Amino acid sequence: MPAMKVRLLFFAVLRDIAGADERELTLADGTTASEVWQELRASYDTLADYTQPPMIAINETYATPDAVLTEGDELAFIPPVAGG
Amino acid sequence: MSYLTDAPIDAQALVRRVIRRSDGAYVLFEGVVRNHHDGKAVESIFYDAYRPMAEKEMEKIVREVEAQFPDTAVAVVHRLGQLVVGDSSIAIAAASPHRAEAFAACRTIIDRVKETVPIWKKERGPDGEEWLGWQGRSGRGGVDG
């Protein structure tokens with residue numbers, strides 16, 4: 001199956017959990033944002049209970065969990081925002 | 001013009017950017033770090049952001065509010081980094097020929113910022129530190145908005 005590269009960015013609590021600002025992922029074509037979240041849950045025990053992803057941004061725009069990623073995308077999971 | 005800053009906010013400079021000779025009023029809103037939250041003492045707050053996306057979302061809000069209140073001029077800036085009690089985290093200025101629009105525009109902006117702009121805060125106090133809005137979210141499922 002062909003593969004693509006995606007940049008995954010970590011912010012706030014997710015940066016603390018991942019211990020990194022970002023990571024490069026190699027994914028199978030057709031992978032969705034939600035599927036990346038499920039991989040993260042499998043990697044970090046503290047995320048195990050978070051069955052649903054938080055809000056999602058692809059290339060700095062809000063997207064839905066079923067959004068299909070494409071080569072070179074910048075993906076970020078957006079924990080509940082708390083500006084102001 | 002950036003909507004984010006790492007330096008203390010100059011609120012009067014924000015007012016000077018919006019006020020025109022045709023305006024009869026301006027409203028200046030500042031959000032400040034308070035010393036408590038949910039019954040716990042707070043000493044400081046660290047603000048984090050997905051900067052390029054936060055700039056875009058701020059721009060979207062400003063454009064929407066300007067469309068909603070055509071005679072009103074608005075400006076907003078959010079501070080990031082480590083802030084202590086009493087520091088302003090956000091300032092919003094809205095100037096209009098009449099006060100009602102200035103109040104409404106200002107209120108709309110702060111409400112929208114809290115909904116969509118990717119900015120987060122980690123509160124620090126004598127009991128430790130915590131990213132707001134994350135703990136206990138798992139059971140609810142779905143998206144918080």
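## A facing pair in a hairpin

In this predicted model, Glu123(B) stands opposite Glu130(B), a residue of strand S10(B). Strands S9 (residues 119-125) and S10 (residues 128-131) of chain B run antiparallel and are joined by 4 bridges. Two strands pair if DSSP finds at least two bridges between them. S9(B) and S10(B) form a hairpin, with 2 residues between them.

## The fold of chain B

Chain B has 3 helices and 10 strands. Both are DSSP runs, numbered from the N terminus: helices are H or I with at least four residues, strands are E with at least two. The order from the N terminus is β-α-β-β-β-β-α-β-β-β-α-β-β.

Of the 145 residues in chain B, 34% are buried. A residue is buried if 20 or more other C-beta atoms, placed from the backbone, lie within 10 Å of its own. Two residues are in contact if their C-beta atoms, placed from the backbone, lie within 7 Å. Take the contacts in chain B between residues at least 6 apart in sequence: 75% of these join residues at least 24 apart.

## Where chain A meets chain B

Here 20 residues of chain A are in contact with 28 residues of chain B. On chain A, helix H1 (12-18), strand S3 (55-58) and strand S5 (74-78) each supply at least two residues of the side that touches chain B.

## Notes on the model

Residues are numbered from 1 along each chain as its sequence is written, and chains are lettered from A in the order in which they are written. Local features need pLDDT of at least 70, side-chain atom pairs count only at pLDDT 80 or more, and totals for chains, interfaces and linings use all residues.

Note on methods:
Buried ≥ 20, exposed ≤ 12 C-beta atoms within 10 Å, placed from the backbone.
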